[in-house]
Amino acid sequence: MWQSSVVFLIAVVVNLCLASHWGYPTPSPNGEVIGPENWGGACDSGMKQSPVDLAFKASVRGKFPQLHFEDYDEPIADAKVLNTGHSIQINVGSPPNVVLSGGGLPSEYVMEQMHFHWGSEHTINGRRYALELHLVHFDSKYPTIQEAVGNRSGVAVLGVLFYVSSEANPDLENILRSAKTAKDVVGLSDPLLQPLAPEELLPNNRDSYFRYEGSLTTPGCGEAVQWTVFTESLPISFEQLERFKNIKTNNGTVLTHNFRTVQPLNSRPLIFVSPVEYDVEYSTSTTLTYSSALAICLLLTTLVAF
């Protein structure tokens with residue numbers, strides 16, 4: 001009996017050591033990051049890995065009830081910005097009880113933390129965004145996220161994409177300015193200078209999104225995640241994006257990027273949800289052509305205005 005306990009303990013220690021030393025591939029001279037990451041376990045062998053390319057042509061149309069965001073409008077109590085060595089993270093471990101439900105999700109999910117990836121992990125029609133925010137929740141029927149990760153649909157993650165803009169994002173500025181010491185030392189955290197409610201980091205349009213079953217995007221890549229990635233993106237200035245790239249890692253180098261390479265969809269259902277009917281036309285600008293019904297409505301509105 002004791003032999004099996006020792007073997008289990010050794011396995012845990014080995015996994016912890018491997019997890020603490022994992023990293024992202026080095027960019028090629030042209031700046032392109034190409035995997036695989038070779039993180040082992042499910043990260044290499046899983047069939048439902050994340051992130052994926054959110055391609056309209058690969059998606060099927062879906063219709064779900066509205067998402068519900070309980071206490072998203074309440075400032076996070078005792079919020080701190082933490083340098084994990086792999087990201088900048090804000091833990092949400094105390095009241096308010098931030099809960100996500102509805103939208104076709106199979107349960108109610110309690111928010112655990114928020115963190116960032118620069119550039120984005122998910123791409124839309126092959127296009128990568130400047131930044132991606134992950135709002136991580138776990139099924140309320142489990143006591144901890146660690147237990148939830150071991151169960152299908154035990155975790156729900158909201159993905160918010162950011163595009164480069166000439167205007168700075170004030171909510172991101174609050175986070176970046178707050179991390180004055182944490183940015184240089186892994187494991188350190190700084191209190192947020194200004195109150196922050198999760199709702200402030202969500203797009204206005206929360207009815208249009210992609211949904212699919214996937215995994216965590218860091219080791220051990222547990223395939224337990226209901227992903228919801230909004231199609232409306234938010235702004236971030238170029239200067240703010242560069243400051244994310246100055247976050248230090250365990251070995252003292254700067255974290256120039258922390259996105260995992262896109263994984264194969266492997267015939268998983270990729271569901272596109274939107275209240276507006278439209279067809280997708282592919283061009284260099286990836287434009288969306290709205291349905292003729294919407295076009296008629298817009299035309300009538302214009303005529304009435306005159």
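**View 1. Overall fold of the predicted model.** Of the 306 residues of the protein, 45% count as buried, in a model that is predicted. The secondary structure comprises six helices and 18 strands. Where contacts in the protein join residues at least 6 apart in sequence, 70% of these contacts are between residues at least 24 apart. The accessible surface amounts to about 15500 Å², and carbon and sulfur atoms account for 58% of that area.

**View 2. Centre of the largest pocket.** The largest pocket holds about 820 Å³ of space. Its lining is made up of 28 residues, of which Gln89, Gln113, Leu216, Thr218 and Pro219 are the closest to the centre of the pocket.

**View 3. Elements and residue classes in the pocket lining.** Two or more residues of the lining of the largest pocket are given by each of α1 (2–20), β5 (88–91), β7 (109–117), β10 (131–139) and α3 (145–148). Among the contributors, strand β7 supplies the largest share of this lining, namely four residues. Sorted by residue class, the lining of the largest pocket contains 16 polar residues, 11 nonpolar residues and one charged residue.

**View 4. Helix α4 and its start.** Helix α4 covers residues 170–178, and its buried residues are Leu172, Asn174, Ile175, Leu176 and Ser178. In an α-helix, residues three or four places apart point the same way, because there are 3.6 residues a turn. At the start of α4, a side-chain oxygen of Asn169 lies within 3.0 Å of the backbone nitrogen of Asp171.

Technical notes. Residues numbered from 1 in each chain as written. Predicted model: local features only at pLDDT ≥ 70, side-chain atom pairs only at ≥ 80, totals over all residues. Heavy atoms only, no water. 1 Å grid on protein atoms, 1.4 Å probe; cavity = no way out; pocket = protein on both sides within 12 Å on 5 of 7 lines; lining within 4 Å. Points joined across faces, edges and corners; volume = space filled by probe spheres on them. Nonpolar A, V, L, I, M, F, W, Y, C, P; charged D, E, K, R; others polar. Buried < 20%, exposed > 50% of the residue type's maximum accessible area, 1.4 Å probe, protein only. Contact = heavy atoms within 4.5 Å. Areas by Shrake-Rupley, 256 points an atom, 1.4 Å probe, with all protein chains shown as cover. Polar contact = N/O pair within 3.5 Å; in protein donor to acceptor, adjacent residues only side chain to side chain.
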